Amino acid sequence: MEKLFIIKIGGNVLDNAGALEAFLKDFATIKAHTILIHGGGKIATKLGEQLGIAANYHNGRRITDAPTLDLVTMVYGGLVNKQLVAQLQRLGCNAWGVTGADGNLIQATKRPVKDIDYGFVGDIKPENVNTKLLATLLQQNVVPVFAPLTHADGKILNTNADTIASVLAVALGKLYDVRLIFCFEKKGVLRDVNKAESVIRHLPRELYDQLLPQGVFADGILPKLENAYAALNAGVKEVLIGEAIDLVKNTGPETEGTLITL
Ligand SMILES: Nc1ncnc2c1ncn2[C@@H]1O[C@H](COP(=O)(O)OP(=O)(O)O)[C@@H](O)[C@H]1O
Ligand SMILES: CC(=O)N[C@@H](CCC(=O)OP(=O)(O)O)C(=O)O
């Protein structure tokens, strides 16, 4: 099986021009198939404030009403996605910006209303990923760059970028030897979020279950870890979480960051 790196970058890296440039330079040198998934929650929140659209989150997920859907479609599908594609093209990487609607790459279902109405948020499953088209693009040495948007019933839906990375990893794990990497601004999953060096180098499920009730994990790291374990449970061999630059530069056993295992 050929190797495929599925790499997600989060909002704090996107928002830092220097860190982003360094990340993209390293990303463009990877000598294997790659897919990039980007977030951009922070940028959408900032631009939303200027437009009078307040951000509203529940458990790390954005509640997406109609004006917010327009906002994130413009910001993720337009501004962030196309800027990344242009930067990667300059670095010699044949990036191709997509949402889940393009080529029916990821079909979603609108999240059903339970205790919370998340609005226009899409839930996704590996079965609804168009792996055939993705494999065709990868064989042409194209690098798909995913915005965190999917579609259902003629509508764009907002979908957490970590979830897209995890679902793509599971779906493509049947065709490729997948390595799933979540890149963010910290050196890894931290034992104390205020201590940058307190990286947990190895986080097996048992240790996660032990640390969770102690309040070690909060905010955005929660969906990231949930998505990491979901991918491993579904057969993805390796998941890493860590600082953008380290992880992409050192893709061997010496990799810095947190290795997540079952
Ligand atoms: N134990 C922890 N280790 C690392 N990050 C943590 C931890 N607990 C809470 N966090 C928070 O989770 C955030 C990462 O989630 P998020 O902001 O969604 O990442 P991304 O940049 O990928 O979008 C970190 O910036 C940090 O504030
Ligand atoms: C439904 C949902 O929560 N969608 C996310 C998609 C963006 C994202 O995941 O961005 P980061 O990776 O930068 O956090 C949001 O709108 O915030």
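User: Which residue does Leu149 stand opposite in strand 10?

Analyst: Leu149 stands opposite Asn158 in strand 10, and four bridges join strand 9 (residues 149-152) to strand 10 (residues 155-158). Strands here are DSSP E runs of at least two residues, helices are H or I runs of at least four, and both are numbered from the N terminus; two strands pair if DSSP finds at least two bridges between them. Note that this is a predicted model, in which local features need pLDDT of at least 70 and side-chain atom pairs count only at pLDDT 80 or more, whereas totals for chains, interfaces and linings use all residues. Residues are numbered from 1 along each chain as its sequence is written, and chains are lettered from A and ligands numbered from 1 in the order in which they are written.

User: Do those two strands run parallel or antiparallel, and which residue of the hairpin takes a positive phi?

Analyst: Strands 9 and 10 run antiparallel. The hairpin they form has two residues between the strands, and Asp153 takes a positive phi near 50 degrees.

User: OK, on to the open sheet: what is the order of its strands?

Analyst: The order is 5-8-2-1-11-13-14-12, which makes eight strands with mixed pairing. Strand 5 (95-98) and strand 12 (202-204) are at the edges with a single partner strand each, so one side of each has no neighbour in the sheet. Direction ignored, neighbouring strands are turned by 20 degrees against each other on average. Within the order, strand 11 (residues 177-184) and strand 13 (residues 238-243) run parallel and are joined by six bridges, with Leu180 opposite Val239.

User: And how do helix 6 and helix 8 cross?

Analyst: The axes of helix 6 (residues 161-172) and helix 8 (residues 221-233) come within 9 Å and cross at roughly 5 degrees, where axes are lines fitted to C-alpha atoms, for helices over the stretch in contact, and angles run from 0 to 180 degrees between N-to-C directions. The two helices are therefore roughly parallel to each other, a label given to angles under 35 degrees, while those over 145 count as roughly antiparallel, 65 to 115 as roughly perpendicular and the rest as oblique.

User: Which residues make that contact?

Analyst: Helix 6 contributes Asp162, Thr163, Ala165, Ser166, Ala169 and Val170, and helix 8 contributes Pro223, Lys224, Asn227, Ala230 and Ala231; contact means that the C-beta atoms, placed from the backbone, lie within 7 Å. By class, the contact has six nonpolar, three polar and two charged residues, counting Ala, Val, Leu, Ile, Met, Phe, Trp, Tyr, Cys and Pro as nonpolar, Asp, Glu, Lys and Arg as charged, and the others, Gly among them, as polar.

User: Switching to the ligands, which residues come nearest to ligand 2?

Analyst: Gly11, Gly39, Gly41, Arg62 and Ala161 come nearest among the 17 residues around ligand 2, a residue being near if its C-beta atom, placed from the backbone, lies within 6 Å. Helix 3 supplies three residues, the largest share of this shell, and by class the shell has five nonpolar, nine polar and three charged residues.

User: Which are the closest to ligand 1?

Analyst: Gly10, Phe184, Leu190, Gly220 and Ile221 are the closest of the 17 residues that surround ligand 1. The shell has eight nonpolar, six polar and three charged residues, and helix 1 (11-14) and helix 8 each supply at least two residues.

User: Which residues does the UniProt "binding site" annotation cover?

Analyst: According to the unreviewed UniProt entry, the annotation covers Gly40, Gly41, Arg62 and Asn158; UniProt positions are given in the numbering used here, feature names are shortened, and annotations may be inferred rather than shown by experiment. The residues spread over 119 residues of sequence but cluster in space, with a largest C-alpha distance of 11.7 Å. Gly40 lies in the loop between strand 2 and helix 3.

Note on methods. Two residues are in contact if their C-beta atoms, placed from the backbone, lie within 7 Å.
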